[in-house]
Amino acid sequence: MSAATTRSRTPDRLCAEAVDLARAAAEEAAAPGVVGEHAGVESDGDRVVTHFFECKEFGYRGWRWAVTVARASRAKLVTLDEVVLLPGPDSLLAPEWVPWSERLRPGDMGPGDLLPTDAEDLRLEPGYTGEDEPPPNSAVSEEMAELVESEDAEVTAALPATPTRGSIAAVAEELGIRRARVLSRYGLHVAADRWEDDYGPKTPMAQAAPAACVSCGFLVAIGGSLGQAFGVCANEFSPADGHVVSLAYGCGGHSEAAVMPKPPQPPAHVIDETVVDPFPLRPAADSGSVPVGADGESAELGHS
């Protein structure tokens, strides 16, 4: 260890004794009554010393007033360098500042909020808008150049607009791909990873599901390359209703997981209770044990 390094770690005696000078400077910079007891001294170099004083101001617990003093070589007069309020080793500090683009999380946006997209966003790539192709009625288009040459006509704004039906731009607009930027391959992978983390095969819900979404009747297919691995859930009782789910995801609301049986049919009646049997109020004349005959025949039998 060099002699210069040893001298820099040992506080200068005159500077270390200038406690009153340091306190007066701290009280001048701070509000009255917020400079506390002397909390130590620290050497910053040859004949450069920093005095620390406790801070009694509300909201700055653990902070210290740091007053740096110094003196010139072979001089006995100590001068003031600076006075600052610094956090101590146990002070409460605010978290490190993070740009808004890194602080933003899904679900933070509310009604009326605008989220600007970086021009160099890796999730997007240029799409086809047709702006690089002159419109058919433009003076620089091939159709208008041929018209001027053949008829020697002047190109003015009064010329009727040439229909754009059938052009590349019209077809692109009809197919829904006429956008300034579209998802890049990186953007597709990022979206797929995010959706799979929320509604993928590794979630606890999918691990306990009786079957995967690929065989569920509530799955709505989506187009594009993402449709090979994802769909939209349309089961209102599912936790993923209205969300993009992986085809390998699953839940207890699978359409074929627990099909309700048909209600049992009652057995046929042994006694037909729907048929009415007629019963006479008076017995029939021939229902007795004695047949009905003439009066003489009845007298012979002893009946009156």
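In this predicted model, residues 24 or more positions apart account for 51% of the contacts in the protein chain with a separation of 6 or more. Of its 304 residues, 21% are buried. The protein chain exposes about 23,300 Å², and carbon and sulfur atoms supply 56% of that area.

Two places in the chain show how single residues sit within this picture. One is Asn235, in the loop that runs between strand 8 (230–233) and strand 9 (244–246). Asn235 has a relative accessible area of 8%, and because buried means under 20%, Asn235 counts as buried. Apart from neighbours within four places in sequence, Asn235 is in contact with Phe218, Asp241 and Gly253.

The other place is on the surface, where Glu42, Asp44, Asp81 and Glu82 gather in a patch of negative charge. Strand 1 (35–45) and strand 4 (79–87) are the elements that give two or more residues to this negative patch. Glu42, one of the residues in the patch, is found in strand 1. The relative accessible area of Glu42 is 41%. This value lies between the limits of 20% for buried and 50% for exposed, so Glu42 is partly exposed.

How values were computed: Residues are numbered from 1 along each chain as its sequence is written. This is a predicted model: local features need pLDDT of at least 70, side-chain atom pairs count only at pLDDT 80 or more; totals for chains, interfaces and linings use all residues. Side-chain values use heavy atoms; hydrogens and water are left out. Buried means under 20% relative accessible area, exposed over 50%, partly exposed in between (1.4 Å probe, protein chains only). Contact means heavy atoms within 4.5 Å. Accessible areas come from the Shrake-Rupley method with a 1.4 Å probe; for residues, only the protein chains shown count as cover. Helices (H or I, at least four residues) and strands (E, at least two) are DSSP runs, numbered from the N terminus. Patches are made of residues with over 30% relative accessible area and no salt bridge: like charges are joined within 9 Å, nonpolar side chains (Val, Leu, Ile, Met, Phe, Trp, Tyr) within 5 Å. A salt bridge is a side-chain nitrogen of Lys or Arg within 4 Å of a carboxyl oxygen of Asp or Glu. Lys and Arg count as positive and Asp and Glu as negative; His and the chain ends are not counted. The place of a charge is taken as NZ of Lys, CZ of Arg, CG of Asp or CD of Glu.
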